[in-house]
Amino acid sequence: MKRIAIFFIALSAFAAAPTTDIKVDQVGYLPHAPKLAMVAAQTLAKEFSVRRATNDAVALKGKFAEPVKDPDSGDLIQVADFTRLVKPGKYYLEIPGVGKSWTFSIAPDVYARAFYLSMRSYYGQRCGTAVDMGPEFPGYKHAACHLEGAYHESSGKTGPHVSAKGWHDAGDYGRYIVNSGISTGTLLWTWEMFGDRLKQVKLNIPETGDGTPDILNEIRWNLDWMLTMQDQDGGVWQKQTGEHFCGFIPPDKDTLVSFVIGTGKDPYKSSCATGDFAAVMAMAARSFRSFDAPYADKCLRAARLAWAWLEKNPNVVFRNPKGVSTGEYGDGNCADEHLWAAAELWRTTGDEAFNRYFVDHYGALRKAIGPAGPPNWGDVGALALWSYALGHGKDAQAVAAITDDSIGAARQIVDRSSHNGYRISMRPADYVWGSNGVVANYGLQLMVANALHPDAQFVNTALDNLHYLLGRNTFSLSWVTQLGENPYRHPHHRPSASTTEPWPGLLSGGPDKDRQDPAVQKIANGPPARMYVDEQASYSTNETCINWNAPLVFMLAGVLPAK
Ligand SMILES: [Zn+2]
């Protein structure tokens, strides 16, 4: 009898295991938003039940619509629509012949934990200090790192240079102004647009309780590093990194000198870095004004000084100098960074000179807002345009044009997403290195459009993109570490190489149709959304990066309960 009992327990445990054929947002859904699950099984399903996780009681039954082929993933998808279920709780789907799904929640604050983890991940990326994620994540810690800084010969200076603060960029330990620019800028926008609902959120970081909201405390850690990268003449160096990447070791074990790296010839600083810096410091001056006026003044002085340098040096592009092989973030066109600096400086100061620059130049960059491709680190033109419109720019004609462009693009994105198998905004061409960042930035674009012209469809489509990142994808994988019941587990992220589970709250880069590393090249070439492996070695599909997490944080903040 005993043996039989064990057999039955084993059988029921097997039967109860969730199937990756059912794809749900493993975090969950807002009570009054659309709720879909996607099913891609060998045999077509007819009906589904949504059951309560606490007692397995059926909460809702439904039937499937006709299946649709999704060419991006190769999946034949059936959609389960359980929008009618609005009661908060924890649930799972059960489909006869297919199995059960991972559990998910329905609640007004369903994304609070996801916001906390993804924003707090920046604390885990801190450089120049000991980091300890605390009792919630015991063992996730390291001693102070990268304390030795120096001017690289490409910087135009010699001798030691401070190496202080900042966030490690990605799976490596470099710090890059261009990528810090869009990341920190996105997070400052998150504060500016959704601050009411964020100011009480505690991130459990060393500064918690100091009277400044924690999101700003965390952002300041990177601003402080960025400020050390400005030369006396106002120009800003491209990056501070070793000459090459270190091995897969914890940050405090990396003994490579952290060099300030420049262009290798006069004027040594670069225009895109300086433009991004000016924009971000202007934003910081706005956001910190009511919490620390002297700091806001310092940021604004730095922004103005950077602007003056940029006016004199608008076209200094960066390429890695000889002997340097860390990330380049090279960008051949700095007109968009220049426009972003003008827009943010105008919004902060109201000075006519910045308004004039914006009005004279925005027309050439209007195409930055479109249905094909949201902003990215190399193209911040849309951020410039949106900031001018969101800040009620002086030129009414410009504001009207930008608003119209934003609404038109958002409507096209909504339409395209409604025809996508997973209801996401991606075109096949968007599955590039860091495609999950593209998904998140489409979400950001839709939410900005909603701020300019409220439309529930914009928000719902942003939510669809969020659902994809949190598990409603072909792999049935949550692409945020330690979030959901089936998260990815092997990011290309050096600190995570020495912990059992990866550091929490980190968004994976996601599928890369161009398969740019040997690990992902081991799988057969196929549909773009399938070109992903959950392996540490896959730097082109499974790295983490501060500029991908930032629009995720933005989207999550945008769907937290309004206060
Ligand atoms: Zn470090």
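I began with F104, which counts as buried because its relative accessibility is 1% (buried means under 20% relative accessible area, exposed over 50%, partly exposed in between, with a 1.4 Å probe and protein chains only). The model is predicted, so I kept in mind that local features need pLDDT of at least 70, side-chain atom pairs count only at pLDDT 80 or more, and totals for chains, interfaces and linings use all residues. Residues are numbered from 1 along each chain as its sequence is written, and side-chain values use heavy atoms, leaving out hydrogens and water.

Next I looked up the partners of F104. F82 and F104 form a tilted aromatic pair, 5.5 Å centre to centre with 40 degrees between the planes (Phe, Tyr and Trp rings, the six-membered one for Trp, pair if their centres lie within 6.5 Å; planes under 30 degrees apart are stacked, over 60 edge-to-face, the rest tilted). F82 is buried too, at 0% relative accessibility.

I counted 24 aromatic pairs in the structure. Y29 and F104 make an edge-to-face pair, because their planes stand at 85 degrees, with centres 5.4 Å apart. Y29 has 0% relative accessibility, so it counts as buried. Which residues form one aromatic cluster? They are Y29, F82, Y91 and F104.

Then I turned to charges over rings (NZ of Lys or CZ of Arg within 6 Å of the ring centre and within 35 degrees of the ring normal). R126 lies over the face of W221, 4.5 Å from the ring centre. The charged end of R220 sits over the ring of Y295, 3.6 Å from its centre.
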